[in-house]
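Hi there,

Here is the structure I promised to pass on to you. Have a look at it first, and then read my notes below.

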Amino acid sequence: RHSSVHRRAGMLAGKRALVVGVANQRSIAWAVAEAWAAAGATVHLTCQSERFLPSVLKLSDAAWGEGHRHSVGVLDMRDDAAIERACEAASGSVGLDAVLHSVAYASADAMKGGLLATTRADFAEAHDVSAYSLVALGRAAAPFMAGDAAAVAAAAEAAGAAGGVGASGGGGGGGGGG
């Protein structure tokens with residue numbers, strides 16, 4: 001399935017990565033986590049809430065087996081202290097080599113009406129969680145990253161959430177990760 005990834009197996013051996021925003025098997029975040037793990041990285045996954053945790057745990061166990069070296073946790077992207085703790089936990093004692101931000105969110109209520117029905121509060125919340133959280137994550141991860149480390153943002157996910165806030169026809173209510 002990922003033939004180019006398998007040819008590069010081991011390319012990320014010994015590297016540690018934090019993947020933020022896994023919601024399900026269709027998530028961009030999940031695809032990146034799979035690829036990085038296949039290339040040898042130890043991957044720490046986060047999901048938006050306890051609601052997503054069982055399905056993300058099931059994905060990781062199915063992909064890598066129970067007791068794998070990867071970890072899974074819940075991360076509220078509105079909580080700077082929680083973001084800092086996630087970066088510290090993922091870094092272990094050796095630091096972080098890669099961070100992926102793939103977060104998109106809008107409340108279920110925000111997804112019900114048309115664009116013109118979007119409230120200022122719903123708009124602000126969607127942008128705080130989907131966009132500003134990239135800044136917060138970068139700030140929190142920076143102390144744990146070496147000079148050759150990389151941070152990646154899956155911008156299509158944030159654009160999808162922002163475009164979906166109050167968009168006609170619903171779609172994607174309640175957001176989640178990318």
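What follows is a short tour of what turned up in this structure.

Please keep in mind that this is a predicted model. The protein chain has a mean pLDDT of 82, with 80% of its residues at 70 or more. Two stretches call for care. Residues 1-7 stay under 50 in pLDDT, and the model gives them five contacts beyond four places in sequence. Residues 156-176 are also below 50, and this stretch has 56 contacts in the model beyond near neighbours in sequence. Where pLDDT is low, the predicted coordinates should not be read in detail.

Now to the overall layout. The protein chain holds six helices and seven strands, and from the N terminus on these elements run α-β-α-β-α-β-α-β-β-α-β-α-β. Of the 178 residues, 42% are buried. Take the contacts between residues at least 6 apart in sequence: 82% of them join residues at least 24 apart.

Next, the sheet. Five strands make an open sheet with parallel pairing, in the order E3-E2-E1-E4-E6. The edges are held by strand E3 (71-74) and strand E6 (145-153); each has a single partner strand, so one side of each lacks a neighbour in the sheet. On average, and ignoring direction, neighbouring strands in this sheet are turned by 15° against each other. Strands E1 (residues 16-20) and E2 (residues 42-47) run parallel and are joined by five bridges; Val19 has Leu45 as its bridge partner in E2.

Helix H3 (residues 53-64) touches E2 and E3, and its direction makes about 170° with that of E3. Helix H5 (residues 120-141) touches E1, strand E4 (96-101) and E6, and makes about 170° with the direction of E4.

Which of its 20 residues touch the most other members? They are Val19, Val22, Trp36, Val43 and Leu45. E1, helix H2 (28-38), E2, H3 and E4 each give two or more residues to this core, and H2 supplies the largest share, six residues. Leaving aside neighbours within four places in sequence, Val19 is in contact with Ala29, Ala33, Trp36, Val43, His44, Leu45, Thr46 and Leu100. Another core lies apart from the largest one; it has 18 residues, including Val129, Ala136, Leu137 and Ala140.

Helix H2 has its own pattern. Its buried residues are Ala29, Trp30, Val32, Ala33, Glu34, Trp36 and Ala37, and they pack against E1, E2, H3 and E4. Just after H2, Gly40 takes a positive phi of about 110°.

Finally, the aromatic rings. The count comes to one aromatic pair. Trp30 and Trp64 form this pair, which is tilted, with 5.2 Å centre to centre and 45° between the planes. Trp30 belongs to helix H2 and Trp64 to helix H3, so the pair ties together parts that are 34 residues apart in sequence. Are the two partners buried or exposed? Trp30 is buried, at 4% relative accessible area, whereas Trp64 counts as partly exposed, at 21% relative accessibility.

Enjoy exploring it!

Best wishes

How values were computed: Residues are numbered from 1 along each chain as its sequence is written. This is a predicted model: local features need pLDDT of at least 70, side-chain atom pairs count only at pLDDT 80 or more; totals for chains, interfaces and linings use all residues. Side-chain values use heavy atoms; hydrogens and water are left out. Two strands pair if DSSP finds at least two bridges between them. Helices (H or I, at least four residues) and strands (E, at least two) are DSSP runs, numbered from the N terminus. Axes are lines fitted to C-alpha atoms, for helices over the stretch in contact, and angles run from 0 to 180 degrees between N-to-C directions. Contact means heavy atoms within 4.5 Å. pLDDT is the predictor's confidence in each residue, from 0 to 100. A nonpolar core is a set of buried Ala, Val, Leu, Ile, Met, Phe, Trp, Tyr and Cys residues joined through side-chain atoms within 4.5 Å. Buried means under 20% relative accessible area, exposed over 50%, partly exposed in between (1.4 Å probe, protein chains only). Rings of Phe, Tyr and Trp (its six-membered ring) pair if their centres lie within 6.5 Å; planes under 30 degrees apart count as stacked, over 60 as edge-to-face and the rest as tilted.
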